[in-house]
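These are my notebook entries on a protein structure that I looked through part by part. Each entry records what I looked up and what I found.

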Amino acid sequence: MDLLNTLVDKGLRRELPTREEALAVLATSDDDVLDVVAAAGKVRRQWFGRRVKLNYLVNLKSGLCPEDCSYCSQRLGSTAGILKYAWLKPDEASRAAAAGLAGGAKRVCLVASGRGPTDRDVDRVAGTIKAIKDQNEGVEVCACLGLLSDGQAERLREAGADAYNHNLNTSESTYGEITTTHTYADRVDTVQKAHAAGLSACSGLIAGMGESDEDLVDVVFSLRELDPDSVPVNFLIPVEGTPLAKEWNLTPQRCLRILAMVRFVCPDVEVRIAGGREVHLRSMQPLALHLANSIFLGDYLTTEGQAGKADLEMIADAGFEVEGAEQVTLPEHRVTADGGGGCGSHADAGCGSHEGGGCGSHEGGGCGSHEGGGVCGTAAAAPAASEPRTDLVAVRRRGAGTDLAPNA
């Protein structure tokens, strides 16, 4: 297919595809999905080999958010039966992080619900970062606390944070249909504040909210312009009690095409499969490793994920290897150029920002398995392919904020 050959050549040169080419990837048929994966996989292997970076979420403060993001189970007005708790103490958060690090994660993502942190909140998180780093040499810490005020990114950097996550989530033109309590421009501003403070920027999107192909391409091109180091791709988990609870728009093949498009547009950036992979990719998850070089281990913010052991087995069985703490995630040219940021190739390249919850897996993200492994809610008879897999959505009842052991 001429389109795929062209996109592979551009990806190996770190050259931006055209909008028409990106749209064409999303428009390919299910019959061609393996060809699409194989092509984007060449680009992934060029810049990241067969390494898979593991990340681990710790939800520092759950629920009771004043923002009205339609996809989020922690939103204002949510009736979802999620865990609700105030700030974890530094030692509690450190113990939660230790489970993920023991499972092979090299980055801990510290997330808190809310519009944005107060200065006192920044002090709290600084204490948590110190507790985690004192006990785990070489660990990366990403903070995801919502919209940042002037000077807060610098304070987080001084406290030892390596990265900051804030997602754009969807296109600028449709953002107001998803959230009304803050703007798309507010999100962009926070990503730029993180960049300016010397933090590694992490910013991505949520697919499956009823957006068009044009919306998906718009947000990914906007991310590239913002030039983050990592781009989490979330697949909406329609959680009961939220406005998007009936939005079941994704198939495994659609998810693979979206990930391939992101890889072609952001060839040398850490592309992370975030919330919803277990629910929407299901048994196709191993194929997605040929497109993304990073995943979350274990559970998400308010929903359960695949058992950590199953994640590690999947990576090994697919012929990939877990990235070690001593290995540098990004290609050398991105680590050394302009302080290590950037998604693309040129001075105007770029790629991504995160939201006020979930470092690369905001709610609607996440689900997977109950204590035992595999994918949660396995039915006696598999539903037809066209039926929503509502049986795969499970609210988190373990880990941070509970007395039960975390999943990692």
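**Entry 1: Arg254**

I looked up Arg254 and found that it counts as buried, at 15% relative accessibility. By the definition I used, buried means under 20% relative accessible area, exposed means over 50%, and partly exposed lies in between, with a 1.4 Å probe and protein chains only. I note that the model is predicted, that local features need pLDDT of at least 70, that side-chain atom pairs count only at pLDDT 80 or more, and that totals for chains, interfaces and linings use all residues. Residues are numbered from 1 along each chain as its sequence is written, and side-chain values use heavy atoms, with hydrogens and water left out.

I placed Arg254 in helix α10 (residues 252-265). Helices (H or I, at least four residues) and strands (E, at least two) are DSSP runs, numbered from the N terminus. Setting aside residues up to four places away in sequence, I found that Arg254 touches Leu26, Asp213 and Leu216; contact means heavy atoms within 4.5 Å. With Asp213, the side chain of Arg254 forms a polar contact of 2.8 Å. A polar contact is a pair of N or O atoms within 3.5 Å; within protein, one must be able to donate a hydrogen and the other to accept it, and residues adjacent in sequence count only if both atoms are side-chain atoms.

**Entry 2: The whole protein**

I counted 14 helices and ten strands in the protein. Of its 408 residues, 62% count as buried. Among contacts between residues at least 6 apart in sequence, 80% join residues at least 24 apart.

How many of the six residues of strand β2 are buried? I found that six of the six, residues 107-112, are buried, so β2 is largely enclosed by the rest of the structure. I then checked both faces of β2: Arg107, Cys109 and Val111 lie on one side, and Val108, Leu110 and Ala112 on the other. β2 pairs with β1 in the parallel sense over six bridges; two strands pair if DSSP finds at least two bridges between them. Opposite Ala112 in β2 stands Lys61.

**Entry 3: The loop between β1 and α4**

I next read the loop between β1 (51-61) and α4 (90-102), where Glu67 has its place. Is Glu67 buried or exposed? Glu67 is buried, with a relative accessible area of 6%. Its side chain and that of Arg115 are joined by a polar contact of 3.2 Å. Not counting residues up to four places away in sequence, Glu67 touches Arg75, Leu76, Arg115, Thr181 and His182.

Leu64 lies in this loop between β1 and α4 too, but Leu64 counts as exposed, at 67% relative accessibility. Most residues other than glycine have a negative phi. I noted that phi of Leu64 is positive, near 60°. Arg282 likewise has a positive phi, near 55°, and I located Arg282 in the loop between α11 (277-280) and α12 (285-288).

**Entry 4: Asp119**

I found Asp119 in helix α5 (residues 119-135). At 46% relative accessibility, Asp119 counts as partly exposed. Leaving aside neighbours within four places in sequence, Asp119 is in contact with Gln152 and Arg155. The side chains of Asp119 and Gln152 make a polar contact of 3.2 Å.

**Entry 5: Cavities and a pocket**

I searched the whole structure and recorded two cavities of 30 Å³ or more. On a 1 Å grid over the protein atoms alone, a cavity is a set of points where a 1.4 Å probe fits but cannot get out; a pocket is an open set with protein on both sides within 12 Å along at least five of seven lines; lining residues have an atom within 4 Å of a point. Grid points are joined across faces, edges and corners, and a volume is the space filled by probe spheres set on the points.

The largest cavity holds about 120 Å³ of space. Of the 14 residues that line the largest cavity, Tyr56, Leu57, Tyr300, Arg396 and Ala400 are the closest to its centre. β1 gives the most to this lining, with four residues.

The second largest pocket has a volume of about 200 Å³. Among the residues that line this pocket are Leu88, Glu92, Arg95, Gly399 and Ala400.
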